[in-house]
Structure formats: structure tokens, C-alpha cells
Amino acid sequence: MSKSAYVTDLKDLQGECTANFVRLMRLLGDMEAGETREYELLGQGKRLGILCLELLERAPYTSIVRVSQRGVLDSLLETPRMRVHLYHDVRMAEVNDFQRQRHFDGRYRYPNARMHQPDEKLQLNRFLGEWLDHGLAHGHAIDIPELP
């Protein structure tokens, strides 16, 4: 019995990208290009690391944000980081770069040379959503500029 090929669920992917846009806009606030905002992540009373958001570019219809995390395991593990494109006109945010790999297809044959999962693009955007949700729920801004 052969396994049927994975079919991209565009509704699911678009829903995740739309939710990520809302999450990122809440965390970015009124940041300008070149600025960085950091959130200390806590869980069960322990410091889990620092979520870093760097606004690389801001234009009328798009923005590019680098999302990364620093923490206690930096010397043992590669720091997770991704580049996310925000599309303001359609209110969506999409992962375009993860750990120096770029331009993910909507689906992959499996197995493949890079060992991507058939739904790699959806999984990366879900991971971003979970990461941002944790930041919103358990993060504490550590570099918000003071109001005049």
C-alpha cells in the first residue's frame, strides 16, 4: 500500500501566517528599522532565555524581522533564529529563513537531501507561532524605551 502524497493546506498555512502577523505586531509595537527589542522568557519560575526581535527593514507594505533567542544553552546548542517577512497589506507574516536555510517550498517529497518534512513550511510557521505565544504569555520586555 503506497502512502499518498502530502497536499499543502493553504487555509491552515494562511491562518498560521495571519496569527503570526498579529503576534509580531503586538511584540514589535512602534519599532523602527535597525531597532532591537528583547523579552526575558520565564517558565516555572526559571529564566529560559531572551527572545530577541530585530527589525531589519520597514517599508510601507513589508517589513523584515530577525527572531532569535539567547540563553543558558548557547555554548552547547546553535541559537535558534529565523527571518520573517511581514506583509502589511494582507496582514500575514511568513518564515523565509531558518538557521541559514532559505526559501521553503510548500511541500517536499520525503525523503529528500535536506531531510525537510513534507510540510516543513507549515511546521516552521507553527513553531514561530508557539515561540511568539510563549513570549507574549511569559516574556517580560527588558529594553522598552521610556516615555518622555
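**Figure 1. The β1–β2 hairpin and its turn.** In the hairpin of β1 and β2, Q44 takes a positive phi near 55°, and two residues lie between the strands. The model shown here and in the other views is predicted. Strand β1 covers residues 36-43 and strand β2 residues 46-58. The two strands pair in the antiparallel sense over eight bridges. E40 has I50 as its bridge partner in β2.

**Figure 2. Two loop residues with positive phi.** Most residues other than glycine have a negative phi. Q44 is not a glycine, yet its phi is positive, about 55°. Q44 sits in the loop between β1 and β2. Its relative accessible area is 82%, so Q44 is exposed. R91 is also not a glycine and has a positive phi of about 55°. R91 belongs to the loop between β4 and β5. With a relative accessibility of 48%, R91 counts as partly exposed.

Figure 3. Seven strands form an open sheet with antiparallel pairing. Their order is β6-β5-β4-β3-β2-β1-β7. β6 (101-102) and β7 stand at the edges. Each has a single partner strand, so one side of each is left without a neighbour in the sheet. Read along the sequence, the elements follow the pattern α-β-β-β-β-β-β-α-β. The secondary structure comes to two helices and seven strands.

**Figure 4. Strand β7 against β1.** β7 spans residues 139-141. Three bridges join β7 to β1, and the two strands run antiparallel. Y39 stands opposite A141 in β7. E40 has H140 as its bridge partner in β7. In β2, the bridge partner of E40 is I50.

**Figure 5. Helices on the sheet.** α1 lies across β1, β2, β3 (62-70), β4 (81-87) and β5 (92-98). The helix runs at about 90° to β5. α2 also packs on the sheet, where it touches β1, β2, β3, β4, β5 and β7. The direction of α2 makes about 110° with that of β5.

**Figure 6. Helix α1 beside helix α2.** α1 (residues 10-28) and α2 (residues 120-138) pack at an angle of about 30°, with their axes 9 Å apart. That angle makes α1 roughly parallel to α2, since angles under 35 degrees count as such. α1 passes α2 in a left-handed crossing. On the α1 side, the contact is made by D12, L13, E16, C17, N20, R23, L24, R26 and L27. On the α2 side, the residues are K121, L122, N125, R126, L128, G129, L132, D133 and L136. By class, this contact has eight nonpolar, three polar and seven charged residues.

**Figure 7. N125, a buried residue of α2.** N125 is placed in helix α2. Its relative accessible area is 0%, so N125 is buried; the cut-off for buried is under 20%. Neighbours within four places in sequence are left aside here.

**Figure 8. The whole chain as context.** The protein has 148 residues, and buried residues make up 37% of them. Among contacts with a separation of 6 or more, 48% come from residues 24 or more positions apart.

Notes
Residues numbered from 1 in each chain as written. Predicted model: local features only at pLDDT ≥ 70, side-chain atom pairs only at ≥ 80, totals over all residues. Heavy atoms only, no water. Axes fitted to C-alpha atoms, helices over the stretch in contact; angles between N-to-C directions. Helix = DSSP H or I, 4+ residues; strand = E, 2+ residues; numbered from the N terminus. Parallel < 35°, antiparallel > 145°, perpendicular 65-115°, else oblique. Left-handed = near helix turned anticlockwise from the far one by under 90°. Contact = heavy atoms within 4.5 Å. Nonpolar A, V, L, I, M, F, W, Y, C, P; charged D, E, K, R; others polar. Buried < 20%, exposed > 50% of the residue type's maximum accessible area, 1.4 Å probe, protein only. Pairing = 2+ DSSP bridges.
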